[in-house]
Amino acid sequence: MSVITVFSGNYCNAEPAIKEILGKTNYNHVKDSDIVSKASALSHISEDRISKAFSAKISVFNQFTREREKSIAYLRLAAAEMLVDDNMLVDGFTALLVPREISHVLRICIIADMKYRISVAASSGISESDALKVVHKSDEDRMAWTTTVLDTRDPWDSSMHDMVLPADKMSSEEMAALVGQMLEKDVLKAGPESKKAAEDFRLASRVEVALVEKGHFAPVKAAAGVITITVDKPVLMLKRLEEELKSVAGKIQGVKSVETKVGKRFYQSDIVRKFDVEMPSKLLLVDDERQFVQRLSERLLMREIGSAIAYDGESALKIVKEEEPDVMILDLKMPGIDGIEVLKRVKQTNPDMEVIILTGQGTEADRKLCMELGAFAYLEKPVDVEVLSETIKKANEKIKKKKT
């Protein structure tokens, strides 16, 4: 049997067409949410955080955490594990994770012209101008996704799909009938070579995840147990990196040998930073003294601790709501919403976040109140950066214990 993947534009009325196809084929419907759920179980990253990989908006922490890339690696593994079975229709962003080498997959794109999509969006009761914004925003997400996973900015590029179905020109019944005809073709039957390609995809995905867990992010291909890892970034000591990549990949069951090659983005660098998976993945510094907090961020980065910065309490709370930092270093005396109020609100909405108070104007009463409100530690300026680094590490250890 075959597999169907469907990638569609928002407001193209793809749902009725998918329902018709499922009714005609009796395939299992696998949605993005199903693959996200499996990826979450494999990675122990929350489903909400993995789902953010589908958004064009990238977290302010991602340059340090690489959580988006990690989420995509686990989404790819989840999809690969599911593809061992046939008789399924994969619907959504994750449809584009299936490599072209797997030939028993019918790749469908459902799209419509902009006028049609705006009318569908406007039918929900919003103005045409708002509908246009909504459609453009959804396309931005899809453009960011295809750029990341397929290195192309055009989500509707016909070369990525076997069939491009115009929802504004075809009925759901017509689409389902055409898909049914395509599935009859021998080329879409799951033969030995295509099954082997699916197994290669699964092995490559397992290797990629193993590398990610060691702080390495590199494209991986597999062919009959032979793994090829592409070094596609600035590197200081290429040979040493290649040895480490081979060591990690070689331990995965099913791997017979490991090869490495350099990609188009590779060049010999005079600096390199490996991502330290033991450090806090999301550290937020909150202080209205701009020069101080910027210097502190630089000094922490020299110790492999990356951070984002907020210069006032209101901005900090917005980042907490949108990004969910793991650890916050918080000043007390700030204009507007002060540190005490930020601490109170954070502990109400994000009780597992660890907050380290760092102040130069606090009192003993402040210290006592902060600890009662749930602060992890109370430090005073000027602070020894080694002491602060050690405190951050201890906060991270507490977070890790809670998660396990």
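How many bridges join strand β1 to strand β3? Strand β1 (residues 3-8) and strand β3 (residues 88-91) run parallel and are joined by 4 bridges, where strands are DSSP runs of E with at least two residues, helices are runs of H or I with at least four residues, and both are numbered from the N terminus. Within this pair, Ile 4 stands opposite Leu 89 in β3. This is a predicted model, in which local features need pLDDT of at least 70 and side-chain atom pairs count only at pLDDT 80 or more, while totals for chains, interfaces and linings use all residues. Residues are numbered from 1 along each chain as its sequence is written, and side-chain values use heavy atoms, with hydrogens and water left out.

The pair belongs to an open sheet of 5 strands with parallel pairing, in the order β2-β3-β1-β4-β5, where two strands pair if DSSP finds at least two bridges between them. At the edges lie β2 (28-31) and β5 (163-166), each of which pairs on one side only.

Elsewhere, helix α11 (residues 290-301) packs with helix α15 (residues 385-403) at an angle of about 70 degrees, and their axes are 11 Å apart; such axes are lines fitted to C-alpha atoms, for helices over the stretch in contact, and angles run from 0 to 180 degrees between N-to-C directions. The two helices α11 and α15 are therefore roughly perpendicular to each other, a term that covers angles of 65 to 115 degrees. In their contact (heavy atoms within 4.5 Å), Leu 296, Arg 299 and Leu 300 of α11 meet Val 385, Leu 388, Ser 389 and Ile 392 of α15.

Definitions and conventions: Parallel < 35°, antiparallel > 145°, perpendicular 65-115°, else oblique.
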